[in-house]
Amino acid sequence: MSLEVLDMEEKDFPLVLEMEQICFKDPWNLEALKYECFDNPYSHQIVLKSIDDELNETLVGFCIYWVTFDSATICQIAVHPSFRRKGLGSYLLKEMLDECYAKRAEFVTLEVRKSNLSAIEFYKHNGFETVTTKPHYYNDGEDAYYMLRRVDIVL
């Protein structure tokens, strides 16, 4: 098995949307995904695929992020539950950070549900620090932690 990080293509949309449903309380819909991929000039989208010996591809994860001036924001990052706890999320995040570095971003930020303890631990493990809490950030009223890390930190 080998791993490959590629630009997201329209053919990836069905699996990305399926993963959205599995991984997020407020999953994006097709219109939101199309907007990010085709209309938002700041948006970048990558997918992580596993390729087996017969060259079959499996979508393992994806990341959608914005780069504006000297900072980047992770909008969505997910690894399919079947592939978690294997370092693939960190691999995908590192690839995204490398792209941000190449685009001259200095910081990466994100919001994460206060109740999403596994995601918070993942981000802390990957160099993010909690900056503040955003009260009632999500549609259901849950607070979010606003987290940040420098792009040039090597873990």
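Contact here means heavy atoms within 4.5 Å. Axes are lines fitted to C-alpha atoms, for helices over the stretch in contact, and angles run from 0 to 180 degrees between N-to-C directions. Helices (H or I, at least four residues) and strands (E, at least two) are DSSP runs, numbered from the N terminus. What you're looking at is a predicted model, where local features need pLDDT of at least 70 and side-chain atom pairs count only at pLDDT 80 or more, while totals for chains, interfaces and linings use all residues. Residues are numbered from 1 along each chain as its sequence is written, and side-chain values use heavy atoms, with hydrogens and water left out.

**View 1. Helix H3 lies across the sheet.**
Start with H3, which covers residues 88-102. This helix lies across S1, S2, S3 (57-68), S4 (71-79), S5 and S7. Its direction makes an angle of about 35° with S3.

**View 2. Seven strands make an open, mixed sheet.**
Read across the sheet and the order of the 7 strands is S1-S2-S3-S4-S5-S7-S6, with mixed pairing. (Two strands pair if DSSP finds at least two bridges between them.) S1 and S6 stand at the edges with a single partner strand each, so one side of each has no neighbour in the sheet. From one strand to the next, the twist averages 25°. Now zoom in on S5 and S7: they run antiparallel to each other and pair over 7 bridges. Follow threonine 109 across to S7 and you'll land on its bridge partner, leucine 148.

**View 3. Aspartate 12 and lysine 49 join up in a salt bridge.**
A salt bridge is a side-chain nitrogen of Lys or Arg within 4 Å of a carboxyl oxygen of Asp or Glu. Count them by this rule and you get 10 salt bridges. In one of them, the side chains of aspartate 12 and lysine 49 meet at 2.9 Å, N to O. Aspartate 12 sits in the loop between S1 (2-7) and H1 (13-23), and lysine 49 sits in S2 (residues 43-51), so this pair links distant parts of the chain, 37 residues apart. Both aspartate 12 and lysine 49 are buried. (Buried means under 20% relative accessible area, exposed over 50%, and partly exposed in between, with a 1.4 Å probe and protein chains only.)

**View 4. A network of salt bridges.**
Here Lys25, Asp26, Arg113, Asp140 and Glu142 are linked by salt bridges into a network. Look for glutamate 142 and lysine 25, whose side chains meet at 3.9 Å, N to O. Glutamate 142 is in the loop between S6 (129-134) and S7 (144-150), while lysine 25 is in the loop between H1 and H2 (30-39), so the pair ties together parts 117 residues apart in sequence. Glutamate 142 is buried, at 15% relative accessible area, but lysine 25 is exposed, at 56%. Arginine 113 and aspartate 26 also form a salt bridge, at 2.8 Å, N to O. Arginine 113 belongs to S5 (residues 107-113) and aspartate 26 to the loop between H1 and H2, so this pair ties together parts 87 residues apart in sequence. Arginine 113 is buried, with 9% relative accessibility, and aspartate 26 is partly exposed, with 33%.

**View 5. Helix H4 has a buried face.**
In H4 (residues 117-125), the buried residues are Ala119, Ile120 and Tyr123. Seen down the axis of H4, these buried residues fall within an arc of 100°, so they line one face of the helix. (The arc is that of the directions from the helix axis to the C-beta atoms.) Among the parts covering them are S4, S5 and S7. Over on the other side of H4, Leu117, Glu121 and His125 are exposed. Just after H4 comes glycine 127, with a positive phi of about 90°.

**View 6. Two loop residues have positive phi.**
Arginine 104 isn't a glycine, yet its phi is positive, near 70°. You'll find arginine 104 in the loop between H3 and S5, where it is exposed at 67% relative accessibility. Histidine 136 also has a positive phi, near 55°. Histidine 136 is in the loop between S6 and S7 and is exposed, at 60% relative accessible area.

**View 7. Aromatic rings pair up.**
Rings of Phe, Tyr and Trp (its six-membered ring) pair if their centres lie within 6.5 Å; planes under 30 degrees apart count as stacked, over 60 as edge-to-face and the rest as tilted. That gives 4 aromatic pairs. Phenylalanine 13 and phenylalanine 38 make a tilted one, 5.9 Å centre to centre with 50° between the planes. Phenylalanine 13 is in H1 and phenylalanine 38 in H2, 25 residues apart.
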